[in-house]
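This report is for a reader who is new to the structure shown below. Please look over the sequence and the model before reading on.

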Amino acid sequence: MTQRIPLEIWHSCRNQFVILDCRDGNCPPMNALFRLAESLCASPIADDLLVLQDAKGADVRLRVLGGDGREGDLCGNGLLCTADKLGNELGGREIRVETASGLRTASRKNGTWSVEIGPASILEDDFAAMDDGLRRELPLYGLVRAGEPHLAVSYTH
């Protein structure tokens with residue numbers, strides 16, 4: 001017997017994603033999903049595995065599984081891909097997505113999706129702990145958490 005696995009490849013802003021749609025409730029166990037994410041992210045196919053599940057109080061639950069074997073709080077580009085996929089399916093202008101960092105809203109205006117990722121905060125302690133050589137070689141601004149931590153680099157020409 002052949003089983004169909006609902007995988008899709010999506011991209012947004014130079015991030016590659018594989019979306020596994022488990023909204024039918026037939027989802028592999030989390031340890032298997034983490035192994036799948038590690039394999040996919042070790043290849044050029046995907047930066048993260050996005051797992052869609054049913055949610056109470058939202059249109060979908062988005063889980064972001066990375067190649068490091070961990071679940072991320074949120075990925076803005078992954079949220080955009082999820083919004084595009086679900087928005088097209090549901091035919092609406094707004095969807096609500098449950099994430100590990102809370103409920104997020106995505107809205108479509110003139111065919112373009114925008115997503116709410118929450119406030120950005122500077123991770124001063126983590127930035128201070130970075131290697132001094134790296135901070136001297138690059139004009140770094142700091143580490144910023146906007147969903148997931150991002151390294152903010154400031155270049156002057």
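Which side chain meets that of Arg63 in a salt bridge? The side chain of Glu71 does, with a distance of 2.8 Å from N to O. Arg63 counts as buried, at 13% relative accessibility, whereas Glu71 is partly exposed, with a relative accessible area of 27%. The model is a predicted one.

**The chain as a whole**

The protein chain contains four helices and eleven strands. It has 157 residues, of which 35% count as buried. The chain exposes about 9,700 Å², and carbon and sulfur atoms supply 49% of that area. Among contacts with a separation of 6 or more, 49% come from residues 24 or more positions apart.

**Salt bridges**

Seven salt bridges are found in the structure. Side chains of opposite charge can pair when their charged atoms come close.

| Side chains | Distance, N to O |
|---|---|
| Arg23 and Asp21 | 2.6 Å |
| Asp21 and Lys85 | 3.7 Å |
| Arg63 and Glu71 | 2.8 Å |

Asp21 and Lys85 form a salt bridge of 3.7 Å. Asp21 lies in strand 2 and Lys85 in helix 2, so this pair ties together parts that are 64 residues apart in sequence. Lys85 is buried, with a relative accessible area of 6%. Asp21 also counts as buried, because its relative accessibility is 14% and the cut-off is under 20%. Arg23, with a relative accessible area of 21%, is partly exposed. The side chains of Asp21 and Arg23 are also joined by a polar contact of 2.6 Å. A network of salt bridges links Asp21, Arg23, Lys85 and Glu89.

**Strand 4 and its partners**

Six of the seven residues of strand 4 are buried, so the strand is mostly covered. Strand 4 runs antiparallel to strand 3, and six bridges join the two. One of the bridge pairs is Gln53 with Arg61 of strand 4. The hairpin of strand 3 and strand 4 has six residues between the strands, and in it Gly57 takes a positive phi near 85 degrees.

Strand 5, residues 71–72, is also antiparallel to strand 4 and is joined to it by two bridges. Val64 has Gly72 of strand 5 as its bridge partner. In this hairpin four residues lie between the strands, and Gly69 takes a positive phi near 80 degrees.

With strand 6, strand 4 pairs in the parallel sense over two bridges. Here the bridge partner of Val60 is Val97 in strand 6.

**Nonpolar cores**

The largest nonpolar core has 17 residues, and those touching the most other members are Leu50, Leu52, Leu62, Ile95 and Val97. Two or more residues come from each of strand 2 (15–21), strand 3 (48–53), strand 4 (60–66), helix 2 (76–90) and strand 6 (94–99). Helix 2 gives the most, with four residues.

What is Val97 in contact with, leaving aside its neighbours within four places in sequence? Its contacts are Ala58, Val60, Leu62, Leu79, Gly102, Leu103 and Arg104.

How values were computed. Residues numbered from 1 in each chain as written. Predicted model: local features only at pLDDT ≥ 70, side-chain atom pairs only at ≥ 80, totals over all residues. Heavy atoms only, no water. Core = buried A, V, L, I, M, F, W, Y, C linked by side-chain atoms within 4.5 Å. Buried < 20%, exposed > 50% of the residue type's maximum accessible area, 1.4 Å probe, protein only. Contact = heavy atoms within 4.5 Å. Polar contact = N/O pair within 3.5 Å; in protein donor to acceptor, adjacent residues only side chain to side chain. Pairing = 2+ DSSP bridges. Areas by Shrake-Rupley, 256 points an atom, 1.4 Å probe, with all protein chains shown as cover. Salt bridge = Lys/Arg side-chain N within 4 Å of Asp/Glu carboxyl O.
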